[in-house]
Every structure is written in C-alpha cells, then in structure tokens.
Amino acid sequence: MGVLLLVLLGAACVFFVGVGLWVICSHFFTADIPAAISHPVRLRALHCVFQLLVTWGTVLEKLGICSMPQFVSFLYDLLPLKQDPDVVVKDLRFGTIPVKVYRPKASSCTPRRGVLFFHGGAAIIGSLKSYHGICCRLSKESDSVVVAVGYRKAPRHKFPTPMRDCLVATVHFLRSLDVYGVDPARVVVCGDSAGGGMAVVMCQKLVGRSDLPKIRAQLLVYAVTQMVDFQLPSYQQNANVPLINTNFAFRCFCYYLDVHPSRKSVVMKGAHLPVEVWEKYRKWLGSENIPERFKKRGYQPVSPVPHDEDAYLETHHALDLMNTPLIAEDEVVSRVPEACIVSCENDLLRDDSLLYKKRLEDLGVPVTWHHMEDGFHGVLNMLTIPYLHFPCSTRILNTMVHFLKGL
C-alpha cells in the first residue's frame with residue numbers, strides 16, 4: 001500500500017510539473033506582450049499563473065469534479081481580505097442577492113453619492129471577495145457609499161440569471177437610498193468588463209421608470225457592450241494579448257450563453273448571423289465607426305461568409321439587448337445618463353468601448369473618455385495584488401474617483 005501511495009504521489013507531482021511546463025512553453029510561443037506594457041515580466045508571470053489555474057480547472061472539469069470557473073474563483077477567493085479602518089463594510093442581502101456595502105467611517109452632514117458596482121469576470125469568475133480591495137478604495141477615496149452586487153454566475157447560472165440579479169439589486173437599492181445615507185440625485189452604476197456591460201444594461205432597463213430615482217451616471221471600465229462581432233480591429237490586434245485572449249473570451253461566451261465550443265470557427269468568422277442582421281446593425285457595429293488611428297496596427301477587414309442557420313439558432317441570444325446593449329434603439333440610448341468610459345489599447349474588448357462612446361456622442365449623451373495606452377484587460381484587478389501592481393491600475397482608479405467627485 002505504501003508503494004502504491006508513493007507511485008500515485010509521484011505521478012501527481014509529475015502531472016503538476018508537466019502542466020506547469022506546458023503552460024510556460026505555451027505562453028512564450030503564443031502570448032503577445034505589447035511594447036507599451038510598463039512591466040512586461042509581471043504580465044508574463046501573471047498570465048502564466050492565470051493559464052495554470054485555467055488548465056488545472058479544465059482538467060478537473062473533464063473529470064467531473066468541478067467546473068473550471070468554480071476552481072479559478074475558489075483559488076482567487078483564498079487571497080486574504082485587507083480591511084481598511086476608515087471604511088465600514090457590511091455583508092447584506094437584497095432579497096436573496098448577496099451584496100457588500102462600503103461606507104466611509106467618517107460621518108457626513110449630507111447624503112453621500114451612491115455607487116452600484118458590478119464586478120467583472122465574464123459572468124463566470126470574479127466575486128465580492130476578489131473585488132473587495134477595489135470597492136474599499138473606491139469608497140474611501142471618492143467618499144461614496146459603494147454597493148457591490150454578488151450576482152449568480154455561469155456555468156451554473158447562465159444567461160439571463162446574472163442580469164436579472166443585477167436588475168433586482170439595482171431596483172432594491174434605488175428604493176432604499178435613505179437607509180444607506182445616499183443622495184437620490186447622485187446614484188452611479190459602475191462596473192468593469194462584463195460588469196460594465198451590466199451597468200449599461202441597468203441604465204437602459206430603467207429609462208422611463210418614473211417610480212425610481214434616476215441614475216446620475218454610468219462609469220464603465222473596458223466594458224462588454226456587444227457579443228456578436230468578433231472581427232473588430234481590437235479582436236484581431238489583441239487576439240493573443242494577456243489576460244483575455246480570443247480562446248478564453250470565446251470559452252466565456254460558451255459558458256454564459258450555453259453555446260457548444262464546436263461553434264468557435266463559425267462565430268469567429270461571423271457566420272452565425274444572417275446577412276440581414278449584419279446589415280441592420282452595421283451602422284452601430286461596423287468597423288467604420290472605429291477611428292482610423294486604431295486600425296493601423298494589423299487590421300484586415302473581413303469579407304462576409306455564408307450563414308450557418310444552426311449556429312444562429314444556438315447563438316441568437318447574443319443579440320438580446322441584455323448581451324449587446326450597443327444595438328438598443330436610439331430612443332433608449334439617447335435617454336441614458338452621462339458616461340465615463342475607460343478603454344485600454346491592448347485589450348481584446350477595446351472597440352466595445354469605442355463603439356459605445358460613438359453611439360452616445362452621436363445621440364448627444366455627454367461622455368468623458370480616458371484611453372490607457374499601456375492598459376490591458378483586467379489591469380484594474382491588479383490594484384490590490386502584491387508584487388503584480390501596474391501603474392495603469394492606479395491611474396484607472398484615480399480616473400474613477402475623479403469622475404465621481406465631479407458629480
């Protein structure tokens with residue numbers, strides 16, 4: 001029995017070392033580290049660790065033990081939470097939805113601004129714990145009441161459950177602002193990545209709701225505003241830039257919308273949508289809406305390909321306005337509140353921000369835009385991780401704080 005245990009232990013060690021070596025080799029052969037990144041070695045190390053967790057999680061998923069997102073989230077949540085003596089944090093529930101409420105400890109003679117924060121992570125990873133440090137600093141430095149929403153995530157809870165959770169939490173908060181000492185005229189929805197997309201959807205869903213306080217502004221950090229076009233310039237230029245490359249982005253798409261991974265080539269080519277759909281939304285999704293300076297780095301326009309009807313039937317939920325708020329009608333988009341948009345040059349989703357910015361500006365909605373030339377997708381999350389901090393992380397937080405203080 002002892003010999004068998006030794007053999008199993010040895011095999012496990014060899015497996016883990018082998019996976020690690022494979023991840024490192026794969027990184028150096030496939031990852032593209034842009035010259036603008038301020039700390040390329042840190043990004044390489046970060047990407048290797050992330051890919052290692054994803055690979056181990058994939059193995060466990062294949063064995064039926066747990067899903068890859070569950071494994072990655074579990075390990076991420078093991079990081080200790082750093083408490084700030086100047087911020088009071090409470091774990092509450094809005095109905096059945098867990099939230100964390102962050103409030104500056106110092107008393108205020110007037111109601112504070114309120115920030116509803118929807119975390120990123122493609123609606124498959126990320127949590128209240130993993131965004132604790134960001135929300136804590138945002139509350140303290142902007143002197144705001146921040147409410148982080150712990151919506152349910154895929155693959156266990158697929159679309160539209162996460163969006164519904166966010167809407168329920170938003171309405172609950174707007175109906176109880178006095179309980180948290182929040183000024184009804186200064187409520188902001190905020191989020192990064194998928195959370196940014198959720199913030200956009202909340203603004204659109206609540207347009208015309210006279211029974212609720214109006215949302216004052218939307219604060220969006222490299223937000224997801226569409227899930228239909230994967231051939232935009234930024235998707236081509238940053239296909240292999242960490243942390244989110246094309247392969248991982250499509251995997252998230254499959255988890256969230258319950259799409260089979262075999263559809264990848266069809267979706268990436270744009271064959272999953274009929275020609276008439278592309279023509280209908282080209283005025284908002286077309287690459288001609290992207291400024292020319294963002295097309296100089298390795299962009300090639302893609303010719304139309306034959307439509308795959310079966311793929312359309314499986315992926316048509318991507319056209320739902322809760323997944324692609326970018327294509328909402330002018331009547332709705334023109335009525336959303338002013339926006340602060342943060343985009344990153346070395347980000348697969350950069351053009352989502354650029355397209356949404358143009359839609360808002362074309363309809364007369366005020367936009368404050370900040371573009372991080374040295375930024376990449378997920379850089380804000382590095383703000384509170386020791387030894388993996390990037391200057392861009394702090395600049396994004398400072399941008400958010402500055403915008404909030406101006407409201």
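**Nonpolar cores and aromatic pairs**

In this predicted model, the largest nonpolar core has 86 residues, and Phe118, Phe173 and Phe253 have the most contacts inside it. Helix H8, spanning residues 246-257, gives the most to this core, with 9 residues. Apart from this core lies another one, of 42 residues, which includes Leu46, Ile134, Phe390 and Ile396.

Aromatic rings were examined next. The structure holds 12 aromatic pairs. One of them joins Phe173 and Tyr180, whose ring centres are 5.8 Å apart; their planes stand at 40°, so this pair is classed as tilted. Both Phe173 and Tyr180 are buried. In another pair, formed by Phe294 and Trp369, the centres are 6.3 Å apart and the planes are at 65°, so the arrangement is edge-to-face. This second pair links distant parts of the chain, as its two members are 75 residues apart. Phe294 belongs to the loop between helix H10 (275-285) and helix H11 (309-315), while Trp369 belongs to strand E8 (residues 367-376).

Charged side chains were found over the ring of Trp284. The charged end of Lys283 sits over this ring, 4.5 Å from its centre. The charged end of Arg359 sits over the ring of Trp284 as well, at 3.8 Å from the centre.

A further position considered was Thr399. This residue lies in helix H14, which covers residues 391-405. Its relative accessible area is 11%, so Thr399 is buried. With residues up to four places away in sequence not counted, Thr399 touches Cys340, Val342, His370 and Met372. Of these contacts, His370 and Met372 fall within the residue range of strand E8.

Note on methods. Residues numbered from 1 in each chain as written. Predicted model: local features only at pLDDT ≥ 70, side-chain atom pairs only at ≥ 80, totals over all residues. Heavy atoms only, no water. Helix = DSSP H or I, 4+ residues; strand = E, 2+ residues; numbered from the N terminus. Buried < 20%, exposed > 50% of the residue type's maximum accessible area, 1.4 Å probe, protein only. Contact = heavy atoms within 4.5 Å. Phe/Tyr/Trp six-rings, centres within 6.5 Å; stacked < 30°, edge-to-face > 60°. Lys NZ or Arg CZ within 6 Å of the ring centre and 35° of its normal. Core = buried A, V, L, I, M, F, W, Y, C linked by side-chain atoms within 4.5 Å.
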